[in-house]
Amino acid sequence: MLPSDCIRKGWCQRYFAIDASGRSVPAWHATACAWCFKGAVYASYRYWSDMQRYLNAAEDHVGYVDLWNDTYNRTQADVLALCLLVERELNLIEGGQVHA
C-alpha cells in the first residue's frame, strides 16, 4: 500500500492517524481509517530509509510536511495530489498506475 492509498481512504490533520471515532491511533494500527501526510508514509513503509526518501521528495515541494498538512485550508485533494506527485517522481506509479 502506498501513501496515496491511505489518503484516498481518509485524511486527517493534527494526528498521524485516527480511527472511525476520531480518536488518535498509531498510523499502522488496524483501526486507522484516516491519516495525515506523514502518517500515511509511516503506515506504508517498514524501513526508515524508505520513509525518509519519500518525505524528502515531498519536502522539496512543500517544505515541512507537518505544517503543510495541518494548514487551515489544506484539503484531502491537496494531500493526495502531493502523494501522487512524489510517487511519480520516485517511480512508484506511472500515470496513476502502481508499478507491479
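Residues are numbered from 1 along each chain as its sequence is written, and side-chain values use heavy atoms, with hydrogens and water left out. Because the model is predicted, local features need pLDDT of at least 70 and side-chain atom pairs count only at pLDDT 80 or more, whereas totals for chains, interfaces and linings use all residues.

Helix H2 spans residues 37-44. Helices here are DSSP runs of H or I with at least four residues, strands are E runs of at least two, and both are numbered from the N terminus. Seven of the eight H2 residues are buried, so the helix is largely enclosed by the rest of the structure. Buried means under 20% relative accessible area, exposed means over 50%, and partly exposed lies in between (1.4 Å probe, protein chains only). The buried set consists of Phe37, Lys38, Gly39, Ala40, Val41, Tyr42 and Ser44. These residues pack against helix H1 (3-9), strand E2 (34-35), H3, helix H4 (65-69) and H5. Contact requires heavy atoms within 4.5 Å.

Helices H3 (residues 48-62) and H5 (residues 76-89) also meet. Their axes come within 10 Å and cross at roughly 120°. Axes are lines fitted to C-alpha atoms, for helices over the stretch in contact, and angles run from 0 to 180 degrees between N-to-C directions. H3 and H5 are therefore oblique to each other. Angles under 35 degrees count as roughly parallel, over 145 as roughly antiparallel, 65 to 115 as roughly perpendicular, and the rest as oblique. On the H3 side, the contact involves Tyr54, Ala57, Ala58, His61 and Val62. H5 contributes Leu82, Cys83, Leu85, Val86, Glu87 and Glu89.

The structure holds zero disulfides, a disulfide being a pair of cysteine sulfur atoms within 2.5 Å. For Cys6, the nearest cysteine sulfur is that of Cys83, 8.4 Å away. Cys6 has 0% relative accessibility and counts as buried. The sulfur of Cys33 lies 8.5 Å from the closest cysteine sulfur, in Cys12, which is too far for a bond. Cys33 counts as partly exposed, at 31% relative accessibility.

Arg74 sits in the loop between H4 and H5. Its relative accessible area is 18%, so Arg74 is buried. Not counting residues up to four places away in sequence, Arg74 touches Trp11, Gln13, Trp68, Asn69 and Val79.
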